[in-house]
Amino acid sequence: LLSSERTPPIAEIIEAGVVPRLVQFLHCFDDPMLAFEAAWAVTNVASGTSEHTRVLLDNGAVPVLVQLALHEDSNLREQSMWALGNIAGDSPRCRDLVLSYGVVPRLLPQCESCEQPRAGTSAGPSHLSSHPHVYQPPPGGGQANLVAQPLLSAAPTMQRNATWLLSNLCRGKPPPRWALVEPTVPVLVRLLQRQTDDEVLTDACWAISYLSEPPERIAPLVEAGAILPLVALLSHTMPSVQTPALRAVGNIAAGTAAQAAALIAGGALGPLQRLLSTGKKELRKEAAWMLSNLTAGDREQVAAVCAAGVVPKLLDMAAHEEYEIKKEVVYALCNACCFGSAQIACGLAQLGIVVRLCDLLELPDASLLLAVLEALEALLRAGGDGFGINPHARLVDEAGGCEKIEALQMHENPEVFEKAQALLEAFFGADEDEEDPLTAPLATAEGFSFG
């Protein structure tokens with residue numbers, strides 16, 4: 001009944017008082033067939049709302065499901081993990097409850113197991129998110145269908161379900177207690193290194209991306225060797241794998257300078273450049289976001305990004321991408337101006353960044369406008385030589401930037417109009433007797449190269 005309809009009657013089942021009886025059947029360790037059917041129904045109850053899941057918690061379903069995760073019957077173990085995954089994915093509170101019963105040590109061997117479940121195990125859930133999944137029986141339903149053809153997947157469904165549950169146990173904010181999930185790190189890294197199954201890789205990458213927040217948790221992942229396999233998976237053929245791998249390396253890029261440098265040394269910039277041109281807009285956005293993390297680092301990081309040859313592509317994206325992607329691109333470019341050296345800034349100006357930034361001075365987002373103004377300030381400072389000659393000021397004027405900056409003095413955001421006013425006074429307020437920087441010869445940046 002619970003798995004035969006698009007909208008299963010979970011509330012009606014609960015109101016009929018069935019849940020306590022289902023949990024009672026879960027305790028039938030010596031009758032794995034009965035316990036399996038009960039776990040099947042519990043999994044579907046946990047696919048409903050948080051209120052439905054709470055009924056399972058109130059009736060003590062979690063501790064017995066954790067016990068069943070070590071049952072000798074592989075079908076029952078797998079179904080129990082599926083139910084726990086639905087419960088853990090409901091909320092951080094439910095996740096922490098599942099963790100508190102010591103499920104991780106029971107789960108890790110299943111993540112690396114190559115055991116093939118016996119005939120009758122259904123196909124695993126969709127592993128693309130932590131959303132609950134309704135267990136669908138084989139066609140025909142009922143016990144007769146428990147004897148079906150064995151699955152012939154590259155990785156057993158047991159391993160898929162175990163890795164999916166593991167990702168849900170690492171997911172959510174506030175994050176889980178580190179002591180409870182730290183043992184997962186070496187197992188997850190080994191999965192990235194050795195696995196070929198798309199679903200296992202997807203959930204392992206999501207788990208590592210969750211574990212890499214907050215930043216102080218990045219170090220154990222780097223020390224365990226996560227960087228190289230994550231970078232390799234940026235070139236995977238499946239976007240479902242690339243997306244969480246990219247999120248994980250993006251989080252690492254936001255860590256310390258040494259961690260970001262390790263990413264660059266691991267070859268991350270090559271795949272990132274290719275992802276900027278992918279047809280998947282979410283991947284383009286994530287790639288630009290990661291680059292913005294790298295260009296927010298030290299001068300060496302900014303120089304490495306520029307030397308990789310990504311700036312021309314970013315300038316093109318800043319002009320033509322849809323707004324959500326453009327925003328990440330603009331932050332990447334602005335960070336490069338602000339955190340790079342003066343030589344880098346001059347090279348960026350040669351590539352046309354001044355014109356592009358001036359085009360962005362009418363953006364509606366105040367925080368993004370501030371980033372653009374700060375980038376222009378960095379470029380203007382880099383263009384000054386101490387004698388009033390500033391070729392970058394001329395570029396701003398020729399691009400119509402002066403008029404746009406003047407208009408920003410009327411902006412409703414006080415930080416924006418104050419920054420605009422400061423720029424005009426510092427770089428465009430020369431006395432009549434002084435040489436006009438806008439008519440001075442344009443300087444060049446000898447030796448600057450983006451690779």
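**Close-up 1. L294 and the residues around it.** In this predicted model, leaving aside neighbours within four places in sequence, L294 touches A253, A260, I264, L269, L272, Q301, V302 and V305; contact here means heavy atoms within 4.5 Å. Residues are numbered from 1 along each chain as its sequence is written. As this is a predicted model, local features need pLDDT of at least 70 and side-chain atom pairs count only at pLDDT 80 or more, while totals for chains, interfaces and linings use all residues; side-chain values use heavy atoms, with hydrogens and water left out.

**Close-up 2. The largest nonpolar core.** L294 turns up again here, with L230 and L357, as the residues with the most contacts inside a core of 144 residues. Helix 24 (residues 366-383) puts in the largest share, 13 residues. A nonpolar core is a set of buried Ala, Val, Leu, Ile, Met, Phe, Trp, Tyr and Cys residues joined through side-chain atoms within 4.5 Å. Buried means under 20% relative accessible area, exposed over 50%, and partly exposed in between (1.4 Å probe, protein chains only).

**Close-up 3. Helix 15 against helix 18.** Helix 15 (residues 239-253) and helix 18 (residues 281-295) pack with their axes 9 Å apart, at an angle of about 15°, so the two count as roughly parallel. Axes are lines fitted to C-alpha atoms, for helices over the stretch in contact, and angles run from 0 to 180 degrees between N-to-C directions; under 35 degrees is roughly parallel, over 145 roughly antiparallel, 65 to 115 roughly perpendicular and the rest oblique. On the helix 15 side, the contact includes P239, Q242 and L246; on the helix 18 side, it includes W289, M290 and L294. Helices are DSSP runs (H or I, at least four residues), numbered from the N terminus.

**Close-up 4. S240 on helix 15.** S240 sits in helix 15 and, at 23% relative accessibility, counts as partly exposed. C205 is 35 residues away from S240 in sequence, and their C-alpha atoms are 9.8 Å apart.

**Close-up 5. Helix 5, tucked in.** Six of the eight residues of helix 5 (residues 61-68) are buried, so the rest of the structure largely encloses it. Those six are A61, V62, V64, L65, V66 and L68. Their cover includes helix 2 (19-26), helix 3 (32-45) and helix 4 (50-58), along with helix 6 (74-88), helix 7 (92-100) and helix 8 (103-112).
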